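Please read it alongside the model shown here.

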Amino acid sequence: MDRILIRGGRPLFGDIDISGSKNAALPLMAAAILTSETLRLSNLPRLADIASMRRLLETLGAEVVEVPVEDGEKGMVLEIQASGVKSIRAPYDLVRKMRASVLVLGPLLARFGQAEVSLPGGCAIGTRPVDLHLKALEAMGAQITIEAGYIRAEAPEGLTGADFAFPLVSVGATENAMMAAALAAGESRLVNVAREPEISDLAHCLVAMGAQVEGAGSDTIRIRGVGSLHGARHAVIPDRIEAGTFLMAAAITDGDLRLRGAEMAHLERPIELLRRAGTTVEETNNGLHVKRTNGPLVGTDVMTEAFPGFATDLQAQFMALMTTATGASMITETIFENRFMHVPELHRMGANITVHGASALVRGQQKLTGAEVMATDLRASVSLVLAGLAAEGETVLNRVYHLDRGYERIEAKLAACGAEIERLTA
Ligand code: EPZ
């Protein structure tokens, strides 16, 4: 199993290209099931999760081909054609590896009137039920049963548009409901929906495919269903979590980075808090520029919230940053119930953190020291990379496959900016 070795203490200087967003790309790939024509997606990141979604689409019978980049495109480009779908079943083996597989439920049901998707099961960061996905689809007329670990959804006469208010905000349930409503008969009004940039990106792609969607980015989305959707071309938005991670990498190493392609509008709250903590972040003509303001970092409190609040996917990285600040910070996680798995690993590097329920009190200090640590999930693992970049001595990160799910060429991007980091292949 691969490991990553970091020799810490080197500030990062230079330019980094931000990749396409993993969490935008996954629902966009699932949306290809909604049409028999070709959906061409560009700016896809080369990541394990994207490969998993590709495998799932192929298992269903879709044809997925990587094609050369054309003028105006970047990243990986896939053409997905779901005319020959032969199965409506997403098997346990694939779903357990990647929970986002559940995003094929809405599209399969909307286009074929039936779907069978394995229940995802437990996850390192929380129980993560899918009840809201199912409730929204039931409101559109789906009959849903759970049998032998599988969600069986049927709508033999097709789905019908519905008024549905989500009792709590869910990114994935909003995406499933939007994709289903795009082909349902009549109008749907989805209330208390997620407002993440990934939702707006999905709406743009659905509209390019012929759907009628209004209100994405606000808390109410209206969709007038159409009889069929057609092919389209769509470029995935930049990854705001990757960009936010590199903002913190610059801050923790006292470096100076330019992040090409990063979007200020996707990161307003994290940037506000980073500024409060003692960094300067400015918009440039092609991204963001980040460096420390004069002086040390200062302890700053954070609470995770749905967008436009501070993203839970940046919480672990911010905690790593705060371990090196002057003073204390209180970090409160409100989205997932078990997202402090990085804390015991940060302790091994000398951090001073006390967890009380959903809050962690971080007492900042001068130095972290390198250690052998273990990744437990994607964002926890990158927080250990950040800590390793700032620490004195060597850090070895185990279970790098978590990192490979969500950070494209991270060692190469960091090494190009002066980090001493290398992958040790077993
Ligand atoms: C998405 O997960 C992201 N994944 C996650 O990123 C991210 O952490 C999360 O949104 C929150 O921003 C993708 O986009 C592929 P939710 P998702 O449904 O859609 C509860 C990463 O590191 N809930 O918004 O699964 C749930 O348990 C990953 O890249 C229900 O109770 O998240 C959680 O507490 C990790 N019932 C809260 O809602 C449901 O039916 C928000 O979850 C659905 C969710």
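1. On a 1 Å grid over the protein atoms alone, a cavity is a set of points where a 1.4 Å probe fits but cannot get out, whereas a pocket is an open set with protein on both sides within 12 Å along at least five of seven lines; lining residues have an atom within 4 Å of a point. Grid points are joined across faces, edges and corners, and a volume is the space filled by probe spheres set on the points.

2. This is a predicted model, in which local features need pLDDT of at least 70 and side-chain atom pairs count only at pLDDT 80 or more, while totals for chains, interfaces and linings use all residues. Residues are numbered from 1 along each chain as its sequence is written, and side-chain values use heavy atoms, with hydrogens and water left out.

3. The second largest cavity holds about 30 Å³ of space. Its lining consists of Ser19, Gly20, Pro45, Leu47, Asp239, Glu242, Gly406, Tyr407 and Glu408. These divide into three nonpolar, three polar and three charged residues, where Ala, Val, Leu, Ile, Met, Phe, Trp, Tyr, Cys and Pro count as nonpolar, Asp, Glu, Lys and Arg as charged, and the others, Gly among them, as polar.

4. Two cavities of 30 Å³ or more are counted. The largest cavity has a volume of about 40 Å³, and Arg240, His266, Leu267, Glu268, Pro270, Phe307, Pro308, Gly309, Ala311 and Leu314 line it. Six of these lining residues are nonpolar, two polar and two charged.

5. Phe307 and Pro308, both in the lining of the largest cavity, are joined by a cis peptide bond with omega of about 10°. Pro308 lies in the loop between β18 (302-303) and α10 (315-322); helices (H or I, at least four residues) and strands (E, at least two) are DSSP runs, numbered from the N terminus.

6. A further backbone feature is Asn43, a residue other than glycine with a positive phi, near 60°. Asn43 is placed in strand β3 (residues 38-44).

7. The second largest pocket contains about 360 Å³ of space. Of the 20 residues that line this pocket, Ile252, Arg292, Thr324, Gln366 and Lys367 lie nearest its centre. The elements giving two or more residues to the lining are α8 (240-253) and α12 (378-390). By class, the lining has nine nonpolar, six polar and five charged residues.

8. Helix α1 (residues 22-31) packs on helix α7 (residues 197-208) at an angle of about 30°, the axes being 9 Å apart. Axes are lines fitted to C-alpha atoms, for helices over the stretch in contact, and angles run from 0 to 180 degrees between N-to-C directions. The two helices α1 and α7 are therefore roughly parallel (angles under 35 degrees). Asn23, Ala24, Pro27, Leu28 and Ala31 of α1 meet Glu198, Asp201, Leu202, Cys205 and Leu206 of α7, contact meaning heavy atoms within 4.5 Å. Seven nonpolar, one polar and two charged residues make up this contact.

9. Helix α6 (residues 171-182) also packs on α7: the axes come within 10 Å and cross at roughly 10°. Hence α6 and α7 are roughly parallel to each other. The contact involves Val171, Thr174, Glu175, Met178 and Met179 of α6, with Glu198, Ile199, Leu202, Ala203 and Leu206 of α7. Its classes are seven nonpolar, one polar and two charged residues.

Notes: Angles under 35 degrees count as roughly parallel, over 145 as roughly antiparallel, 65 to 115 as roughly perpendicular and the rest as oblique.
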